[in-house]
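Take a first look at the model below. Then follow the text through it, one part at a time.

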Amino acid sequence: MTNQPYDGYQDGYGGHNGHGGYDGQGGYDPYGQQQPQAPRAWPGQGQHGHPGHQGYEDPYAAQQYTQQWQGQTWETQTQQPVTAPAAADTAYLPQQGDAAPAPDPAEYGPATLAGNKRMTDAQRARAEGRSPIIEPGMQPAALTALLGLLLAGAAAVGTYALLVPLVVLQAVTAAGWFRLNGMWPARQGIALGFAGALAADAALLASGRSPSAILGTLGVWVLLALVLQLRSHANPDERMYGLMATVAASALAIVAGGYLAADADAVTVGAVAVAVAVLARALPLPTAASVVVALLAGAGGGVVAGWLTGLGTSGALLGVGAAGCALIGHRVASYDYPSRFVHFTAGVALPLSAAAPVVYVLGRALA
């Protein structure tokens with residue numbers, strides 16, 4: 001093929017100069033012999049116009065912005081068409097100024113017993129630079145004090161009267177522990193823990209309030225919790241976590257039955273000491289000072305209740321021991337950045353439940 005000018009070539013760009021060129025814009029060479037070109041101008045900025053398109057300094061730019069061939073031409077028969085790169089490959093995504101807000105942890109789905117993972121409130125609090133320790137406050141402390149006084153008064157009345165506030169304490173303990181661990185709803189675990197507490201109470205009454213009934217019930221309920229988790233379809237890590245939560249909730253609810261096994265005077269002294277200590281702990285004081293004041297208040301409450309029950313000054317030792325365990329339960333209920341529901345369940349019940357073993361042991365020793 002010879003390099004002859006393509007006279008009379010109709011290129012479909014709205015006109016020609018008779019020699020395959022673009023009206024003096026550097027010329028268009030259909031055989032690949034490009035002529036020097038002027039700097040490219042964008043659409044609408046050219047100085048020369050043509051019918052069917054605006055002026056372009058670059059003929060290839062004109063070919064891009066004006067029209068596409070619908071049929072076979074000389075160029076499409078001999079060359080591969082040039083396609084623009086995909087938009088996904090060339091698109092420039094500017095960096096966003098504001099990151100998307102973190103989702104609310106409450107929207108992470110059901111509890112971990114169902115096998116779902118979620119971010120705990122403590123993890124979010126640490127990520128935001130906040131403390132994961134939030135104390136329950138005065139209102140839960142007032143409820144704890146009320147429940148403690150009910151235990152103290154019912155113990156003075158009789159064993160079956162004590163059973164009423166004790167069952168309430170055990171139910172709130174089981175529910176609060178599961179919610180404290182971020183597992184909600186966990187109906188099977190809560191029901192199992194509460195059922196263990198009721199079984200322990202029945203065994204205590206049937207055995208003449210022997211503490212061996214508590215230990216035997218606790219061993220049986222550990223096996224039941226193990227069987228429950230073996231039937232779960234969650235992954236092994238979640239099943240282990242659920243097993244530990246179920247065993248702990250059952251143990252706390254069952255151990256709270258120690259009030260039923262303890263001496264009635266010891267229950268009165270210990271419950272009064274817990275009530276006074278928790279109220280003192282809720283006062284707006286520095287942590288160290290608040291702990292000291294709470295222990296002193298528990299000792300004072302134990303002394304007063306001891307004078308009323310016949311334990312005398314030995315009630316101070318029982319009061320300090322019960323107050324110390326109550327503060328531990330209070331501290332546990334403050335962990336993991338708990339919600340208001342946790343404060344009014346675990347925050348109310350754990351101080352009294354944690355004090356039950358000490359009330360039983362010291363009560364027997366001081367009697």
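**A walk through the helices**

This is a predicted model. The protein has 15 helices and 0 strands. Its length is 367 residues, and buried residues make up 40% of them. The accessible surface comes to about 19500 Å². Carbon and sulfur atoms hold 61% of that surface. Now consider contacts with a sequence separation of 6 or more. Of these, 67% join residues 24 or more positions apart.

Start with the interior. In soluble globular proteins, nonpolar side chains tend to be buried together. Here, the largest nonpolar core has 45 residues. Leu 151, Leu 169 and Tyr 259 have the most contacts inside this core. Helix H11, residues 264–281, gives the core its largest share, 8 residues. A second core is separate and has 13 residues. Among them are Ala 175, Ala 333, Val 342 and Ala 346.

Which residues does Tyr 259 contact, leaving aside neighbours within four places in sequence? Its partners are Leu 151, Leu 162, Leu 166, Leu 169, Val 267, Leu 352, Ala 355, Ala 356 and Val 359.

Next comes helix H5, which spans residues 138–157. Pro 140 lies in this helix. Is Pro 140 buried or exposed? Its relative accessible area is 2%, so Pro 140 counts as buried. Beyond residues up to four places away in sequence, Pro 140 touches His 343, Phe 344 and Val 348. Pro 140 and Ala 346 are 206 residues apart along the chain, yet their C-alpha atoms are separated by 9.2 Å. Ala 346 is one of the residues of the second core.

Met 138 also lies in helix H5. Its relative accessibility is 40%, so Met 138 counts as partly exposed. Met 138 belongs to a nonpolar patch on the surface, along with Leu 279, Leu 283, Leu 285 and Val 293. Together these residues have about 370 Å² of accessible area.

Step back to Gly 137, in the loop between helix H4 (121–127) and H5. Gly 137 has 26% relative accessibility and so counts as partly exposed.

Move on to helix H9, residues 236–255, where Thr 246 is found. Thr 246 has a relative accessible area of 0%, and is therefore buried. Where does the side chain of Thr 246 reach? It comes to 2.8 Å from the backbone oxygen of Gly 242. Thr 246 also touches Phe 178, Gly 189, Leu 192, Ala 225 and Gln 229, not counting residues up to four places away in sequence.

End at a loop. Arg 209 lies between helix H7 (187–206) and helix H8 (212–230). Most residues other than glycine have a negative phi. Arg 209, however, has a positive phi, near 60°. Its relative accessibility is 30%, so Arg 209 counts as partly exposed.

Definitions and conventions. Residues numbered from 1 in each chain as written. Predicted model: local features only at pLDDT ≥ 70, side-chain atom pairs only at ≥ 80, totals over all residues. Heavy atoms only, no water. Helix = DSSP H or I, 4+ residues; strand = E, 2+ residues; numbered from the N terminus. Buried < 20%, exposed > 50% of the residue type's maximum accessible area, 1.4 Å probe, protein only. Polar contact = N/O pair within 3.5 Å; in protein donor to acceptor, adjacent residues only side chain to side chain. Contact = heavy atoms within 4.5 Å. Patch = residues over 30% accessible without salt bridge, like charges linked within 9 Å, V, L, I, M, F, W, Y side chains within 5 Å. Areas by Shrake-Rupley, 256 points an atom, 1.4 Å probe, with all protein chains shown as cover. Salt bridge = Lys/Arg side-chain N within 4 Å of Asp/Glu carboxyl O. Core = buried A, V, L, I, M, F, W, Y, C linked by side-chain atoms within 4.5 Å.
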